[in-house]
Structures are given as structure tokens and as C-alpha cells.
Amino acid sequence: MSILSRRSFRSLTFPILVAGASLVLAGCGFDSPRSTMSSAATESAQSYSLFQGLFWLAMVVFVVVEGALLFIVYRFRRRPGQGIPVQLHGNQTIELAWTIAPAVIVAIIAIFTFRTQALLSREARDPIKVTVIGHQWWWEFQYPDYKFTTANEVHIPAGRDVLFSLRSADVIHSFHLPRLVDTTDLIPGRENRVLVHANSDTRGLIAGQCQEFCGGTHAMMTMHAVVEDQATFDTWIQQQQTVAGVPAGITQAASKTTTAAESSTSQPPLGVPSASPKQGATTAATVAATANAAPAAALAGSPEAKGYQLFSAKGCIGCHAIGGYPNAVAKIGPNLTHVGGRSHIVSGWLDNTSANMQTWLRDPNAVKPENVMGKAIKRGTLNEDDINALTAYLESLK
Ligand code: CUA
């Protein structure tokens, strides 16, 4: 490197540092979708309040220690003609001070931490109960009191206690809705509980994410909480309890029709996973074989009606439950009873649009590598007509 270019590189150092720092600090937005700092519930406010207290306490320690350091370095700097300064060996007062001061600070931190823990583990008052089951890589939400199951989008009323019971179907996941509550793990064979009381003025979608590395597509194991007023929540509950509609032109087969409750609620006993990834893969493979072997039935009617028939003919029924659809009770993939009414698909990863649904059905692995559905459906498994028909049917499931 020539002297000139070295010089010009040096003159760029400061702007580069400033640009780098701006980029890094831009990630600390107070109102980013997953920021604990824009609290929307009692629990996240309590955690944030503890964080703020500890942050300012740490700032005081930082300023005092660094200030003293800089002052001493300057005040006792070496001066011309000065000999070796007085040498000290041991000073009881100073040693006592720097032992007692940190001990007092740690005790203060402990007191405030225990206080916050006590506040967070209070008894729930007349809560809405939601069982959360983590799967590789999506979220199952069961409402045991209302007997239905949904996936990846959990509706909760504002201004009311919601008690989440956390379980896992396979490996350790972690429930992370930072604007509502701190992170808690979902551990196989165990039940953890988390209480959330969303502020009475909180409304809308709140982003969440699995927070424990749980395999290949952990990063895409996202979810949303939908916080709404009690009346809207009640309407949503009633609607979820209904079974899915049947497209015009379809005559219900004589086989057993499932109800919303049957397609959804049975909880896996603790320690007994509802479906291990291996089982899921095996079933998915069986389903794929069945789908390929199925005779090309002449499908008639509207795209929704064709999609309805393809849901069974192409083997989707082997993994997904739909309340109201004959024999659709599988729990390997998300329950799709009202999938058309969700804001997102693919575990909160994509907006629920026709184009995204088609992209997903065309080649699931290209969207979300390693997922169970990608074992059964490769690019080309479904032709464009199948994809359009299935999309139309799934969208009709409001
Ligand atoms: Cu589930 Cu990471």
C-alpha cells in the first residue's frame, strides 16, 4: 500500500467507524416489532423496569470507575524530573471499600430481581387458558376451555390475564413475545407456565419468535399474538369453534365428518410427544407415496371445490386437520380449519397472500428448508392447476 493510499485510508477511518456505529445502533430502535422497550403488557413493563434500574445503576458504576481512572491517570501522570513515586503495599481501607461496595451493589440487584420475579409469578385471575405446543418449526395453540386448536397466531383479549401453558412435541423451543412477556422455554416432558396481561389499550399484531436454537429452520419459527378488545376476541372464539365450510358443488361423503373439537383438542400427555420429527417425516413420506399413487380423479367445479378434493387426493390430509373435513384429524402439521383468516402463513414467516401460498405449495423447501412438508412436496409434485385450486380452497377457510 503506497503512502498516499495509506493516508487516504486513515482519513476514511473516522467516517467508516461512524457509519458502522450508526448501522449497529440503528438496530436498537425503541419501537422495532420485537423490542422489549415498547412494552404492551404488565409483564414486559415489569421486566423493562428492572432492566432500566439495573442499566442506570451500571451507568453510575461505569461513570464513577472510569472517571476515577481517568482522573488518577491525569493527576498522577509522570512529570519531567520526577523520581519514582512512593510505593504502597496493601491498604486496608481501600481493600475493604472495593469489597463492600460491589457486595452492596449485588445485594441491591438481587432484591430488585427477586421483587420482579415475585410480581411475574403472581396467581392468574380468571385467565384465558392457552396451551402452546412447540413443533419443529411451528406453533400449535390450543384453547382447552373453548375446545379448538389454531396455529402460529394466538388471539388474546386486552386487559385480561392469559395463562400460557408451554409444552413441546419434540425438542426444546422458547416462547418469546418480547412486547408482552419475557422468554420461557418449552421443554419436552415438562409444562412451564407464563402469565400475560396485555395493556387494556394494546391492539393489533405483536411479533414473536422461537428463542432457543431448535434445528435447521429455528430462525423461521416465528409467530404473532393478536391483541384485541373483549368483544372482538369473543367473536373470534365463536368463529374458531365452527367447522370449516364446504365449497359449493361438493357433496359430503358418507365418511365421518370431524368437528372443530375433534380435529384439534386432545393434548399430548406430558412426556409423550404428539409427533416426533421422525414420525412426521415417515408419515409425510407415506403421504407422498399415497398422493403419487392416487388415481387422477376427474376434478370438477370451482377452484375451491377442486382444492377441497385435492386436499385429500394429494395427501395433505395425512398431516393437517381441518374441522368439518371428513377424517382430517392429523396433527403433524398446523391445524388449517381457519387458515384463510390468519394474517400470516408458514409459521408467521409470510403474509397470507395468494402469491405467498402458491410459492409455499410450489416448493416448501425453497421457502423453509428442512420442513416436514418439504419431504412430501417437491417442486413439480403439484402442478400449477393443483396449486391454484388448493390456494383457493385454503383461502376460503376464513
Ligand atoms: Cu423452535 Cu427455535
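Here is a short tour of this predicted model, one selection at a time.

**Stop 1: the whole chain.** Start by colouring the chain by pLDDT. The mean is 86, and 84% of the residues reach 70 or more. Now select residues 265-297, where the pLDDT is below 50. Beyond near neighbours in sequence, this stretch still has 47 contacts in the model.

**Stop 2: two helices.** Next, select residues 42-75, which are helix H2, and residues 92-120, which are helix H3. Their axes come within 9 Å and cross at roughly 175°. Angles over 145 degrees count as roughly antiparallel, and H2 and H3 are therefore roughly antiparallel to each other. To see the contact, show side chains, including Leu-50, Leu-54 and Leu-57 of H2, and Ile-105, Ile-109 and Phe-112 of H3. By class, this contact of H2 with H3 has nine nonpolar, four polar and one charged residues.

**Stop 3: the sheet.** Move on to the strands. Five of them form an open sheet with mixed pairing, in the order S3-S2-S1-S5-S8. Which strands stand at the edges? Select 148-151 for S3 and 192-197 for S8: each has a single partner strand, so one side of each is left without a neighbour in the sheet. Neighbouring strands here are turned by 25° against each other on average, direction ignored.

Stop 4: Zoom in on S2, residues 138-143, which pairs with S3 in the antiparallel sense over four bridges. Find Glu-140 and look opposite: there is Ala-151 in S3.

**Stop 5: a helix across the sheet.** Finally, select residues 230-241, helix H4. H4 lies across S1 (128-135), S2 and S3, running at about 105° to S3.

Technical notes:
Residues numbered from 1 in each chain as written. Predicted model: local features only at pLDDT ≥ 70, side-chain atom pairs only at ≥ 80, totals over all residues. Heavy atoms only, no water. Axes fitted to C-alpha atoms, helices over the stretch in contact; angles between N-to-C directions. Parallel < 35°, antiparallel > 145°, perpendicular 65-115°, else oblique. Contact = heavy atoms within 4.5 Å. Nonpolar A, V, L, I, M, F, W, Y, C, P; charged D, E, K, R; others polar. pLDDT = per-residue confidence, 0-100. Pairing = 2+ DSSP bridges.
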